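Colleague: I would like to go through this model with you, starting with helix packing and ending with the pocket.
Modeller: Fine. Here it is.

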Amino acid sequence: MSVAKQLYELQEVDLAFESREQALEQVTGKLGENKAVLDARSKLASENQRREELRHKQHSLVLEINDVTTKIANAEEELYSGRTKNPKELANLQHEIEILKAKRSELEDRTIEVMEQVEAAVTNVGAIKSELEILEAEWQAEQEKLKADKARLEAELVSLRQRREAVSSQVVPEVIAFYCELQKGKGTAVAMVEQGVCRGCRLSLSNAELQRARSGDLTQCSSCGRILFLA
Ligand SMILES: [Zn+2]
């Protein structure tokens with residue numbers, strides 16, 4: 001096998017390694033918490049809290065209504081007991097009962113409002129919960145896939161690293177160093193020759209260059225400097 005062919009193989013391994021490394025980086029970046037899921041979770045928590053606060057408010061209103069109802073009953077009992085004879089006191093009692101009844105009616109209206117709000121909050125919590133379930137299921141499935149991708153890419157990188165060692169061990173270190181230097185400067189060190197054209201810079205090669213490359217000697221493109229490889 002010519003040195004150019006060996007270096008071309010080495011380059012293919014290097015390019016494959018690079019692309020797997022980039023893919024692994026992307027996969028690793030996507031692993032972990034997901035913003036949509038976190039947002040839905042915090043939305044659910046705050047809506048749950050709101051629902052509890054409304055329930056608490058509803059409960060307080062019911063207690064307040066009971067309290068007012070007891071006061072009304074006591075005042076009515078006093079009014080009709082016959083114990084109070086003074087007309088001014090009786091009028092006062094009646095007035096007090098009217099005020100209490102108005103207050104109770106207002107409290108009842110507020111209770112209905114709060115009950116409606118509780119109902120809406122319960123519906124809301126349910127909707128957020130189903131939304132969260134869907135998001136979590138999607139996220140879970142994505143995470144599983146990402147974990148599998150990560151394991152596959154890591155295994156591929158291990159085998160590519162072994163392959164690189166195997167290929168580069170067949171080439172003298174000085175040539176490998178030269179290859180690495182070209183690769184650093186140009187991105188790729190070896191260029192395939194197709195129909196007399198260097199694929200690295202897309203310029204035509206001279207007959208002398210082609211002949212040299214064909215002979216198996218290490219030949220650089222006179223335009224771009226890449227090592228020429230004829231398949
Ligand atoms: Zn070239």
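**Helix packing and the main pocket**

Modeller: Start with a handedness: helix 1 passes helix 3 in a left-handed crossing. Keep in mind that this is a predicted model.

Colleague: How is helix 1 oriented relative to helix 3, parallel or antiparallel?
Modeller: Helix 3 covers residues 87–168, and its axis lies 9 Å from that of helix 1. The two pack at an angle of about 155°. Angles over 145 degrees count as roughly antiparallel. Therefore helix 1 is, relative to helix 3, roughly antiparallel.

Colleague: What is the orientation of helix 2 to helix 3?
Modeller: Helix 2 spans residues 35–81, and its axis is 7 Å from that of helix 3. Their packing angle is about 160°. The cut-off is again over 145 degrees, so helix 2 to helix 3 is roughly antiparallel.

Colleague: Which hand does the crossing of helix 2 with helix 3 have, and how many nonpolar residues are in the contact?
Modeller: Helix 2 passes helix 3 in a left-handed crossing. The contact has seven polar and 19 charged residues. The nonpolar count is 27.

Colleague: Why is helix 1 classed as it is against helix 4?
Modeller: Helix 1 (residues 3–30) and helix 4 (residues 173–186) have axes that come within 11 Å. They cross at roughly 50°. That angle falls between the roughly parallel limit, under 35 degrees, and the roughly perpendicular range, 65 to 115. So the class of helix 1 to helix 4 is oblique.

Colleague: Which residues of helix 4 make the contact with helix 1?
Modeller: The crossing here is right-handed. Helix 1 brings Val-3, Leu-7, Leu-10, Gln-11 and Asp-14. By class, the contact has six nonpolar, two polar and one charged residues. From helix 4 come Val-175, Ile-176, Tyr-179 and Gln-183.

Colleague: Which element gives the largest share of the lining of the largest pocket?
Modeller: Two elements give two or more residues to the lining: helix 1 and strand 1 (190–194). Among the lining residues are Tyr-8, Gln-11, Glu-12 and Leu-15, along with Val-190 and Met-192. The largest share is four residues, and it comes from helix 1.

Colleague: What is the volume of the largest pocket?
Modeller: First, the lining by class: five nonpolar, three polar and three charged residues. Arg-199 and Arg-202 are among the lining residues. The volume is about 180 Å³.

How values were computed:
Residues are numbered from 1 along each chain as its sequence is written. This is a predicted model: local features need pLDDT of at least 70, side-chain atom pairs count only at pLDDT 80 or more; totals for chains, interfaces and linings use all residues. Side-chain values use heavy atoms; hydrogens and water are left out. Axes are lines fitted to C-alpha atoms, for helices over the stretch in contact, and angles run from 0 to 180 degrees between N-to-C directions. A crossing is left-handed if the near helix is turned anticlockwise from the far one by less than a right angle, and right-handed if clockwise. Contact means heavy atoms within 4.5 Å. Ala, Val, Leu, Ile, Met, Phe, Trp, Tyr, Cys and Pro count as nonpolar, Asp, Glu, Lys and Arg as charged, and the others, Gly among them, as polar. On a 1 Å grid over the protein atoms alone, a cavity is a set of points where a 1.4 Å probe fits but cannot get out, and a pocket is an open set with protein on both sides within 12 Å along at least five of seven lines; lining residues have an atom within 4 Å of a point. Grid points are joined across faces, edges and corners, and a volume is the space filled by probe spheres set on the points.
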